[in-house]
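Subject: Structure for your files

Hello,

Below is the structure I said I would pass on. My notes on it follow.

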Amino acid sequence: MKRVLVWGLGKSGQAAVKLLESKGVTVFCGDDARGDRWEELIGEVDTLVLSPGIPPRHPLWREAIRKGIEVIGELELAYRFFEGEVIAITGTDGKSTTTTLTYLMLSRRFPQVYEAGNIGTPLSEIALRNPSATAVVEVSSFQGKTLTTFKPKVGAFLNFYEDHLDWHPSLEDYLKSKQNIFLRQSHEDFFIAGSAQEEVTGTPTYAKKILLEKNVQLAKGVAYFEGEKLFELSDLNLKGEHNFRNALVASIIALLKGVGVDSIRDTLREFKGLPFRMEFVGKWTGVEIYNDSKSTTPNALRAALESFPDDSVILIAGGKDKGADFEPLRELVQRKVKFAFLIGETKELMKAAFGGGSCITLMNSLEDAVNKALEVAKPGDFILFSPGCSSFDMFTSYIERGEVFNRLVRERCKL
């Protein structure tokens with residue numbers, strides 16, 4: 001790796017350029033958004049570092065493969081210069097919450113721990129600033145696809161559901177990209193399966209496997225790992241079965257790294273959740289309001305709905321159409337939801353999938369949906385904003401979408 005082309009100059013791309021320059025590597029860089037031409041540069045390099053947002057169908061990726069040029073991402077690049085220990089967390093849903101919980105738990109014992117990867121700081125930046133630190137890395141399938149030497153000391157695969165088929169050429173490619181994160185683990189490493197799904201438990205790895213269904217016990221409101229008490233359910237501020245599993249995975253990782261049970265429990269008691277992930281916005285005239293803007297898949301919507309009593313949810317959902325199938329949610333929606341207000345590209349698709357009916361209304365905007373939800377909600381109901389889709393049809397990101405929802409609610413409810 002002597003001459004490198006970094007393509008895509010977002011946060012991770014810029015960090016990759018700085019790291020390479022610090023190592024004396026000849027670096028070329030560019031970005032489609034700036035109108036740069038890679039055709040003039042691809043013949044000059046032996047390695048191509050691609051932004052995670054660039055899919056395999058991109059002409060640059062295809063041309064690099066045709067020319068026999070190595071194609072990697074920023075995470076793989078950074079790992080080659082990183083001397084510390086890596087803890088890697090992936091899954092279709094729950095990655096960010098589990099990564100943050102793990103980071104907070106480890107921070108109670110270790111002074112040099114960073115939250116990195118798909119959340120937090122690019123690993124390239126950490127490799128440049130503090131290469132001997134411990135990095136808790138959230139790894140996406142986009143990043144996983146191009147890993148070739150990456151080897152986490154502890155890895156966790158939370159769950160697997162259909163997603164990102166607008167990026168991956170197939171569901172099989174999506175799964176293999178996730179599993180690739182753990183392929184190089186050795187017998188001294190650990191792999192935690194966060195669900196009983198065969199796609200997760202069957203992940204090829206030489207690491208010692210820990211299965212929640214086998215190694216965790218729940219008795220009288222207390223979670224145990226191989227007979228050792230981890231925490232009580234009352235310690236959790238997070239709503240839903242999915243967050244219970246996220247907390248279990250983070251706690252097991254912390255325990256494996258020598259964090260005491262008291263520190264684990266203190267972290268869980270203090271952690272109120274990440275913004276826009278089942279975030280409690282407030283209570284208005286007896287109605288609790290939750291912002292789950294980070295819900296970008298049908299499974300995330302499923303997990304959110306399962307957190308509430310039957311026939312109690314005023315649902316706001318919908319967004320960009322990624323080709324996801326909402327049909328499996330029909331029974332759950334009909335059982336949990338009193339009214340649904342649907343927005344975005346998927347609104348008609350979702351209405352048909354949910355079975356139609358007068359309780360489901362198509363709306364032109366998030367503002368209109370919020371107004372109608374507040375109009376029909378009664379004391380004891382729950383207003384849930386859980387799109388189940390990505391945001392790019394109406395917003396720049398799930399963050400902007402979540403911020404708009406919170407602003408609308410607080411303005412109307414005077415919270």
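Two strands are taken as paired if DSSP finds at least two bridges between them; helices (H or I, at least four residues) and strands (E, at least two) are DSSP runs, numbered from the N terminus. This is a predicted model, in which local features need pLDDT of at least 70 and side-chain atom pairs count only at pLDDT 80 or more, while totals for chains, interfaces and linings use all residues. Residues are numbered from 1 along each chain as its sequence is written, and side-chain values use heavy atoms, with hydrogens and water left out.

An open sheet of 6 strands runs in the order β14-β15-β19-β16-β17-β18, with mixed pairing. Its edges are β14 (279–284) and β18 (360–362); each has a single partner strand, so one side of each is left without a neighbour in the sheet. On average, neighbouring strands are turned by 15° against each other, direction ignored. The pairing of β14 with β15 (residues 287–291) is antiparallel, over 5 bridges.

Helix α15 (residues 366–376) lies across β14, β15, β16 (313–317), β17 (337–342) and β19 (382–385), where contact means heavy atoms within 4.5 Å. α15 runs at about 175° to β16 (axes are lines fitted to C-alpha atoms, for helices over the stretch in contact, and angles run from 0 to 180 degrees between N-to-C directions).

After α1 comes glycine 24, with a positive phi near 80°.

Regards
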